[in-house]
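Trainee: Can you walk me through this one? I'd like the ligand shells, the sheet and the aromatic pairs.

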Amino acid sequence: MATNSIAAGSDKVYQAMADEIKARNLKFQLTKTGSMGLDSMEPLVEFVVPNKPKLSFAKVTAEKVPALLDQVINLHLDTETPFYRVDEQENILTGEKTFYCTGKVPRILRDIPLIDAIPYYAKQVKIATRNCGIIDPENLEEYVARGGYFALYKTLTEMSPDGIIEEVIASGLRGRGGGGFSTGWKWRSCRDAEGTVKYVICNGDEGDPGAYMDRSVMEGDPHSVIEGMIIGAYAIGATQGYIYVRNEYPLAVANLTKALAKARDAGLLGKNIFGSGFSFDIRISKGAGAFVCGESTALIASMEGKAGEPRAKYTHTVEHGLWDRPTNINNVETWTNVPVIMARGADWFSSIGTKTSSGTKVFSLVGKVNNIGLVEVAMGTTIREIVHDIGGGVPQGKTFKAVQTGGPSGGCIPGSLIDLPVGFEELGEAGSMMGSGGMIVMDDTTCMVDIAKYFLDFLAKESCGKCTPCRDGVRRMRDILEDICNGHGEEGDVELLKGMSEAMIDGSHCALGGSAPNPVLSTLRYFQDEYEAHILDKKCPAGVCKALIHFHVVADKCTGCVKCKKVCPTRAIQGNRKEVHEIDQTLCIQCRACYEVCAFDAIIIE
Ligand SMILES: Cc1cc2nc3c(=O)[nH]c(=O)nc-3n(C[C@H](O)[C@H](O)[C@H](O)COP(=O)(O)O)c2cc1C
Ligand code: SF4
Ligand code: SF4
Ligand code: SF4
């Protein structure tokens, strides 16, 4: 089970299922898996009955369990309709198919949509998340049954380290942790660096608000990370690996710890792996959850027991990394791609995606979108396909306004660029970045100045304080944005924000400060009119900034239903039933409750 499904109640469903199976003495094997990604449908329960389509039920509760078991056992669908069925499933690692139903699909199941007909899944290509929601992450045998560790066997017994690096370079794999640097070339630099002791590190810090791609993989498929790291370590010549994961991810830590122990017991870690003469092991290093500790040099400092502060970039970690030894750091998602590249080959991998961004990318699709969850798509998929086709669009018929990609240091891409393909270059040219894969959807009720303020506030709290442009610059920019939102913006603020951004980009010590102005610059690039409305007209067009908005009743539309009066927490609304109501502005605290509850659109924000 993954954190997101547990939050939806999957642990209670599991317990109810275990109790029911025991009470009825059923011959069912109950397995916990990671998440299939679609949070809004959790808890998801899948039933595999020999020679029948695999059936998936969504939003299962503990109370529904007895009826659900009856349905599956007796193959009737009286109470619960399956979310989807799976007749056959391709294993992307091996290219082979598993056939759940070899004969005719029973008549009663024919109208149940196939998983590929569910828009959320139809356009996804799952490489990094290939096993999430399919295998029990605590069960090594299930990973192996899906082709796991065969790529490791192949590389260690048939390939030279240089051959592996060439293959990774040819695949075009670029780091999924933010910068998009070529993985193969980074491995090459680390292999070529002088020194007999070398390290590989998996960066599982993942501090971006709203991002949980790496957590899902570490929780749902930890062996894929471990296998990728062993292959990388062999190619680079490292004998020790570390997985740096935040302590706020307890389930990821637990599943990784169990997976490492099982891999060790099976001889996949330790001395002389597969009789190849190569020895390697991995330890977990827990972080305390500071965003800046995701930056590679701050991460290394944190692992060494020092304050988590980035260091100057002219010293490369591939030469002088952990304990001053050559060190290769890759993101969780980067590592999980490695076994698939080795198994299917560089040509196959680079045939997915675009010329400059090969393979897939996992995004956490959150915010104002119907289908909230993790999605993995081929690079080059458009924002429209992700938000509308996979995400099901913006709820309540509202308009898609923008999407923030790249986390707090990324940028907002406006609705007018909805057909932009996602790729490292494309997102950069649009003023944002790929980052690690956060994707926050905004509708027309989102104020872009307020959003920029939110991200700057986050960064002001997370700046390590080592250098002045970032330490003072981010705070000062946040204060200016706060003033603008509070109605105290002044002419010249926009120019001041732009000037400060330039200084921070030039003078910051690390990429946190260097990219911190991005939310401001991208919102200014596409939504400068909103800034001007706040500063010059003292108005918030999206109706968000409390100091700049007032709630009014439109007399012609008000039916006097008294609903607004009942929900107003400050008794600011007066009026008798069937009479036009009025709002006392001196009592109104702009909580929006009346606006949300009025069924006649009689309350407006100005
Ligand atoms: C402020 C900041 C935070 C970062 N956080 C992460 C993170 O949480 N995970 C990650 O993999 N990379 C993060 N990075 C990028 C890393 O410095 C590094 O580039 C990455 O781990 C390298 O792996 P890759 O080549 O596989 O992308 C961060 C960078 C900065 C500047
Ligand atoms: S730019 Fe910010 S986070 Fe980076 S070293 Fe300077 S103060 Fe620290
Ligand atoms: S909820 Fe709307 S229609 Fe009803 S009294 Fe309030 S303003 Fe009038
Ligand atoms: S916005 Fe809130 S406080 Fe103001 S009138 Fe409506 S319900 Fe009352």
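Trainee: Which residues are closest to ligand 4?

Mentor: C568, C588, I589, C591 and C594 are the closest. In total, 13 residues surround ligand 4, where near means that a heavy atom of the residue lies within 4 Å of the molecule. Keep in mind that this is a predicted model: local features need pLDDT of at least 70, side-chain atom pairs count only at pLDDT 80 or more, and totals for chains, interfaces and linings use all residues. Residues are numbered from 1 along each chain as its sequence is written, chains are lettered from A and ligands numbered from 1 in the order written, and side-chain values use heavy atoms, leaving out hydrogens and water.

Trainee: How does the shell around ligand 4 split by class?

Mentor: It has 10 nonpolar, two polar and one charged residues. Nonpolar covers Ala, Val, Leu, Ile, Met, Phe, Trp, Tyr, Cys and Pro; charged covers Asp, Glu, Lys and Arg; the others, Gly among them, are polar.

Trainee: And ligand 2, how many residues surround that?

Mentor: 13 residues surround ligand 2. The closest are C464, K466, C467, C470 and C510. The shell around ligand 2 divides into seven nonpolar, five polar and one charged.

Trainee: On to the sheet. What is the strand order?

Mentor: β11-β10-β14-β12-β13, five strands in an open sheet with mixed pairing. Strands here are DSSP E runs of at least two residues, helices are H or I runs of at least four, and both are numbered from the N terminus. Two strands pair if DSSP finds at least two bridges between them.

Trainee: Which strands sit at the edges?

Mentor: β11 and β13 (411–414), each pairing on one side only. Neighbouring strands are turned by 30° against each other on average, direction ignored. Axes are lines fitted to C-alpha atoms, for helices over the stretch in contact, and angles run from 0 to 180 degrees between N-to-C directions.

Trainee: Which helices pack on it?

Mentor: One is α9, touching β10, β11 and β14. Its direction makes about 115° with that of β10. Contact means heavy atoms within 4.5 Å. Helix α21 (residues 518–535) packs on the sheet too, touching β12 and β13, at about 35° to the direction of β13.

Trainee: Is α9 buried or exposed?

Mentor: Eight of the eight residues of α9 (213–220) are buried, so the helix is largely enclosed by the rest of the structure. Buried means under 20% relative accessible area, exposed over 50%, partly exposed in between, with a 1.4 Å probe and protein chains only. M213, R215 and E219 are among the buried residues.

Trainee: What about β10 and β11?

Mentor: Seven of the eight residues of β10 are buried, so β10 is largely enclosed as well. For β11 (residues 373–378), six of its six residues are buried. β10 (residues 360–367) and β11 pair in the antiparallel sense over six bridges. Together they form a hairpin with five residues between them. F363 has V375 as its bridge partner, and T360 has A378.

Trainee: How do β10 and β14 run, parallel or antiparallel?

Mentor: Parallel, joined by four bridges. V366 stands opposite I440 in β14. β12 (residues 400–405) and β14 (residues 438–443) pair in the antiparallel sense over five bridges, with A402 opposite M442.

Trainee: New topic. How many aromatic pairs are there?

Mentor: The count comes to 13. Rings of Phe, Tyr and Trp (its six-membered ring) pair if their centres lie within 6.5 Å; planes under 30 degrees apart are stacked, over 60 edge-to-face, the rest tilted. Y153 and F274 form an edge-to-face pair, 5.0 Å centre to centre with 90° between the planes.

Trainee: Why does that pair tie separate parts together?

Mentor: Y153 lies in helix α6 (residues 150–158) and F274 in the loop between α11 (250–265) and β8 (281–287), so the pair ties together parts that are 121 residues apart in sequence. Y153 is partly exposed at 43% relative accessibility. F274 is partly exposed at 32%.

Trainee: Which residues do ring pairs link into a cluster?

Mentor: F83, Y84, Y120 and Y121.

Trainee: Last one. What does α12 pack against?

Mentor: Its buried residues pack against β6 (199–204), β7 (240–246), β8 and β9 (327–331). Seven of the eight residues of α12 (296–303) are buried, including L299 and I300. Just after α12, G305 takes a positive phi of about 85°.
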